[in-house]
Amino acid sequence: ASYLDSVPLGPPDAILGLAQNFRECAAAEKVNLVVGAYRDGEGNPFVLPSVREAESRLLARGETKEYAPITGSPSFVQRALAFAYGEECEALTSGRIVGVQTLSGTGACRIAGEFFARFLPKGTTIYVSDPTWGNHIPIMELSGLTVKRYRYLDRSTNSLDFDGYMSDIEQAPAGSIFLIHACAHNPTGVDPTTDQWDSISKAILAKGHHVLMDCAYQGFASGDAEFDAGAIRRFVADGHSMILAQSFAKNFGLYGERVGTLSVLTASKEEAARVLSQLKLIIRPMYSSPPIHGALIVNEVLGDEKLRSQYYDECAGMAERILQMRALLKSELIKAGSTHQWDHITDQIGMFAFTGMSADMCDALTKDYKIFLTRDGRVSMAGINHANVAYIAKAIHAVTD
Ligand code: PMP
């Protein structure tokens, strides 16, 4: 007998398992509203032309396949951080923000969890929003942190439970960690207003909590990367103890290239050097060094003025299409005869609409209409286009009526 005989069969991933079911479905009318990956107006994957141009330049230049340093490409990291924090950010220009290249946002979160677990007191709790991106919870648990939730979504209105959020910040033991989505909250699409961000920032500071800011949609949310970085920049200006996890999966459409950064806001260059030395000690035995191709692409795009401005337009184009589909889905629901309140579809932002549909309603959509979505009622707006929106709206009306 082999030890493998006793290896139990694990459950499928909640999201990727559904994506598999979609692929296996033979129905012609099937619709994929599961995975958070952008699709163009015809429902196809989209590679940004600026990304293609960068790739052909890399090829023409004969870029080698040498290893990156443990912390990744220095010039990529520098440009990526300037993209998030702003070129003028004092903490960045004075060397107080220290960053490393990571395996996209997931890898950044994992390194952040490991860093917190090593250097914060044993038993420190990380608070994640209720709900949050599902992977946050096992990432942080496997890093050795205790995970608890803070109130976020008011399920009766599909909007922010601001009072609940504030009171949970207040009630958490001083020095806890708060995991915050920088923009385009996943899965709810509900972000705080500017005034609410102010209060949240003040309350977190007052309790001496640490912040893990997860930024997976900068530029993809509003179409304006500067605007979407608002919360990050405010928190830096307010002087938080903060780590930032940055992903280029959505905004650059580089999903499978696994390109991101992790950065730590420190008090001095000397502190930054100590932190960096520890990040290297975490990374080296995990995967030695990050992949280079995606980082070279982002570096090329952000480092070239013309390509960079082309990129901004293309990213804004993706955001614009999503915003149009929100408006269209809402109007098609009304056209189909639905009398429910659907304003949250257009109030929410980013890749997803959190519809408020129950698990039973979602099951009926999948069973009767071959529309695949997660059972929390989250709809990937990128999967909607002119050809399928009326079908989707009629089906949603049928199951919610
Ligand atoms: N954080 C959030 C909130 C996300 O939505 C995602 C993508 N689903 C990620 C992190 C990580 O994605 P990736 O590892 O592909 O960058």
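Predicted model: local features only at pLDDT ≥ 70, side-chain atom pairs only at ≥ 80, totals over all residues.
Which residue stands opposite glycine 260 in E10? Serine 247 does. Residues are numbered from 1 along each chain as its sequence is written.

Start with confidence. The mean pLDDT of the protein is 96, and 100% of its residues reach 70 or more. Here pLDDT is the predictor's confidence in each residue, on a scale from 0 to 100. The model scores are ipTM 0.99 and pTM 0.96.

Now the overall build. The protein has 16 helices and 13 strands. Helices (H or I, at least four residues) and strands (E, at least two) are DSSP runs, numbered from the N terminus. The radius of gyration is 21 Å, close to the 21 Å that the globule rule gives for 401 residues, so the protein is as compact as a globular protein of that length. That radius is taken over C-alpha atoms, and the globule rule is 2.2 Å times the number of residues to the power 0.38. Along its principal axes, the C-alpha trace spans about 65 × 60 × 55 Å.

Burial comes next. Of the 401 residues, 45% are buried. A residue is buried if 20 or more other C-beta atoms lie within 10 Å of its own, exposed if 12 or fewer, and partly exposed in between, with C-beta atoms placed from the backbone.

Go back to strand E10, residues 260–265. Six of its six residues are buried, so E10 is largely enclosed by the rest of the structure. Both faces are covered. Gly260, Leu262 and Val264 are buried on one side, and Thr261, Ser263 and Leu265 on the other.

E10 pairs with two strands named here, E2 and E9. Two strands pair if DSSP finds at least two bridges between them. Strand E2, residues 97–102, runs antiparallel to E10 and is joined to it by six bridges. Within that pairing, glycine 99 stands opposite serine 263. Strand E9, residues 241–247, is also antiparallel to E10, with five bridges.

Serine 247 leads on to the ligand. Ser247 is among the closest of the 13 residues that surround the ligand, along with Ser104, Gly105, Thr106 and Asn186. A residue is near a molecule if its C-beta atom, placed from the backbone, lies within 6 Å of it. Helix H5, residues 104–119, gives the largest share of this shell, three residues. By type, the shell divides into four nonpolar, eight polar and one charged. Ala, Val, Leu, Ile, Met, Phe, Trp, Tyr, Cys and Pro count as nonpolar, Asp, Glu, Lys and Arg as charged, and the others, Gly among them, as polar.

Asn186 brings in the backbone geometry. Most residues other than glycine have a negative phi, and most peptide bonds are trans. The bond between asparagine 186 and proline 187 is cis, with omega about 15 degrees. Proline 187 lies in the loop between strand E7 (177–181) and helix H8 (194–206). Another cis bond runs from aspartate 130 to proline 131, with omega near 0 degrees. Proline 131 sits in the loop between strand E3 (125–130) and H6.

Asparagine 158 is not a glycine, yet its phi is positive, about 55 degrees. Its place is the loop between strand E5 (153–154) and strand E6 (159–160). Asparagine 158 counts as buried because it has 22 C-beta neighbours inside 10 Å. Serine 288, also not a glycine, has a positive phi of about 65 degrees. Serine 288 lies in the loop between helix H11 (269–287) and helix H12 (293–303). With 10 C-beta neighbours inside 10 Å, serine 288 counts as exposed.

Finish with serine 94. This residue is in the loop between helix H4 (90–93) and E2. Serine 94 has 11 C-beta neighbours inside 10 Å, so it counts as exposed.
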